Amino acid sequence: MPHAVTGSETGAPSQSAGALLGELVAHLRQHQPQLREEWARRIIAGRLLSAMSADEVHAEAASIYDNYVEALKTGTLEALQAYARGLSERIIPRGVETSEVVEIVLLLRDVLARSLFAKYQADAGVLNRVLDAYEPAANRIAITVAVGFVEERERTIREQQEAIRELSTPVLQVRERLLILPIIGLIDRQRARQLTEQLLRAIRTNRAKVVVIDITGVAAMDSNVANHLVLTVEASRLLGAVVIVTGLSPEIAQTLVQLGVELTKMHTVGDLQGGIEEAERLLGYQVTPRAGPAAG
Amino acid sequence: MPVPILKQGATLIASIQSALTDAELRQLRDALVRRVGQDRARGVVVDVTALDVLDSFASRTLRDIVHMIRLRGAETVVVGIQPDVAFAMVQLGLTLEGVTTALDLEEGLDHLARRLAGDGGGPDQGGSGA
């Protein structure tokens, strides 16, 4: 029940926290234009949200303010959470940093607290109770907005990682029944799994007999990934394809031996060229340069 | 339902059409080992395309079939293992050691034809020469 704020600044001493919150929500609504303006002015003065124009800052400030007061009034954060997520989605691509978002929310908290100080300064007892009601609610809101922003950012990063992963694992057919799988970059568990699935499917659709997996571009490999590679080689064999692994760096070779990975089943060749030549031999191709005067 | 075993020249083809119980698998093993001698077969193809699962008993039985038939003087190719099944099998350590595998029936027959012609061409698969 929002109390009508009457002339008396000091409410009844027995007022509950809920009633106090109602009272201060009414106060914030009543002074909405000035407070909003003050907040937007301080955002711009602090050179926050520099990616946005002053008009945009004012517009966003207005709707954040309303959502903020609404969250204070109802005590539920869902609506604010959804709004924070939507806002993050809009501002993340424009390069807004986490620190800016946190600072902006804390600025609003500060602006509102100052206004409460001004209103209740005559009576320290009431001021204390009002702040007791206001501070925890304001903290929860600040946390919600900051966490919402960070979560949104992490989601964006995850999506980008996913996209990069898919781009970076092509399975290529170089000859009839010969596939090449060049692996570049870091292999983690998830990517290793994805590689295997892609490779096994490609063996089936391309009716491959020989696969060359080139790991020249892989800087390091742990025992999980190495064992996964061995599993991939064996699974490919069950599909009737021979796997040749090429381009093991000295570091990886040392790691694999030190880890004691079961390598006897792996067919390895020094570099990609050697691997393709070996594959051609297995498939019965014979590649010879065309003899003729044109050949230097 | 027993697995039908078809004769095609010097090759026997056993095409598994549905999931098999352990008893049916043993039955298939016995029938194949017997028929190799009866029909004077030189090659055998076991087609497992229809199987969604190959558990440890099935894998061991397949391996036994291959070794027994080798002792009877013929060569076996297991064909049609699905990608998902293959990966699940190796994760369980069921790698069908010493068993020649091929992508599908056509590949398997092709492999046997070359083997029987004494060519031995194509990629050599671990253990098949033993």
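**Sheets, helices and the contact between two chains**

I start in chain B, with strand E2(B), residues 11-15. E2(B) pairs with strand E3(B), residues 43-47, in the parallel sense, over 5 bridges. One of the pairs to look at is B:Ser15, whose bridge partner in E3(B) is B:Asp47. Between these two strands the chain passes through helix H1(B), residues 22-38, and this β-α-β crossover is right-handed.

Before going on, please keep in mind that this is a predicted model. Its scores are ipTM 0.74 and pTM 0.59.

Now the other neighbour of E2(B). Strand E1(B), residues 5-8, runs antiparallel to E2(B), and 4 bridges join the two. Within that pair, B:Leu6 has B:Ile13 as its bridge partner in E2(B). E1(B) and E2(B) make a hairpin with 2 residues between them, and B:Gly9 in the turn has a positive phi of about 60°.

What is the strand order in the whole sheet of chain B? It is E1-E2-E3-E4-E5, an open sheet of 5 strands with mixed pairing. E1 and E5 of chain B are the edge strands, and each pairs on one side only. From one strand to the next, the twist averages 25°. H1(B), the crossover helix, packs on this sheet and touches E1, E2 and E3 of chain B, with its direction at about 165° to that of E2(B).

As for confidence, chain B averages a pLDDT of 87, and 91% of the residues score at least 70.

On to chain A. Chain A has an open sheet of 5 strands, in the order E1-E2-E3-E4-E5, and the pairing is mixed. Strand E1(A), residues 172-175, and strand E5(A), residues 267-269, stand at the edges with a single partner strand each, so one side of each has no neighbour in the sheet. The twist in this sheet averages 30° from one strand to the next.

One pair inside the sheet is strand E3(A), residues 210-217, with strand E4(A), residues 242-246: the pairing is parallel, over 5 bridges. A:Val210 has A:Val242 as its bridge partner in E4(A).

Which helices lie across this sheet? Helix H7(A), residues 189-206, lies across E1, E2 and E3 of chain A, and runs at about 165° to E2(A). Helix H10(A), residues 272-283, lies across E1, E2, E3, E4 and E5 of chain A, and runs at about 175° to E3(A).

H7(A) also meets another helix. The axes of H7(A) and helix H8(A), residues 223-238, come within 10 Å and cross at roughly 10°. That makes the two helices roughly parallel. From H7(A) the residues involved include A:Ala192, A:Leu199 and A:Ile203, and from H8(A) they include A:Val225, A:His228 and A:Ala235. By class, this helix contact has 6 nonpolar, 5 polar and 1 charged residues.

The mean pLDDT of chain A is 82, and 91% of its residues reach 70 or more. Among its elements, E4(A) has the highest mean, 93, while helix H1(A), residues 17-30, has the lowest, 80. Over residues 1-14 of chain A the pLDDT is below 50, and this stretch has 17 contacts in the model beyond near neighbours in sequence.

Last, the contact between the chains. It takes 18 residues from chain A and 17 residues from chain B. On the chain B side, helix H3(B), residues 83-91, and strand E5(B), residues 100-102, each supply at least two residues. Which element of chain B gives the most to this side? H3(B) does, with 6 residues. By class, the chain B side has 10 nonpolar, 6 polar and 1 charged residues.

That is the tour; I will take questions now.

Terms used. Residues are numbered from 1 along each chain as its sequence is written. Chains are lettered from A and ligands numbered from 1 in the order in which they are written. This is a predicted model: local features need pLDDT of at least 70, side-chain atom pairs count only at pLDDT 80 or more; totals for chains, interfaces and linings use all residues. Two strands pair if DSSP finds at least two bridges between them. A crossover is right-handed if, with the strands pointing away from the viewer, the path from the first strand over the helix to the second runs clockwise. Axes are lines fitted to C-alpha atoms, for helices over the stretch in contact, and angles run from 0 to 180 degrees between N-to-C directions. Two residues are in contact if their C-beta atoms, placed from the backbone, lie within 7 Å. Ala, Val, Leu, Ile, Met, Phe, Trp, Tyr, Cys and Pro count as nonpolar, Asp, Glu, Lys and Arg as charged, and the others, Gly among them, as polar. Angles under 35 degrees count as roughly parallel, over 145 as roughly antiparallel, 65 to 115 as roughly perpendicular and the rest as oblique. pLDDT is the predictor's confidence in each residue, from 0 to 100.
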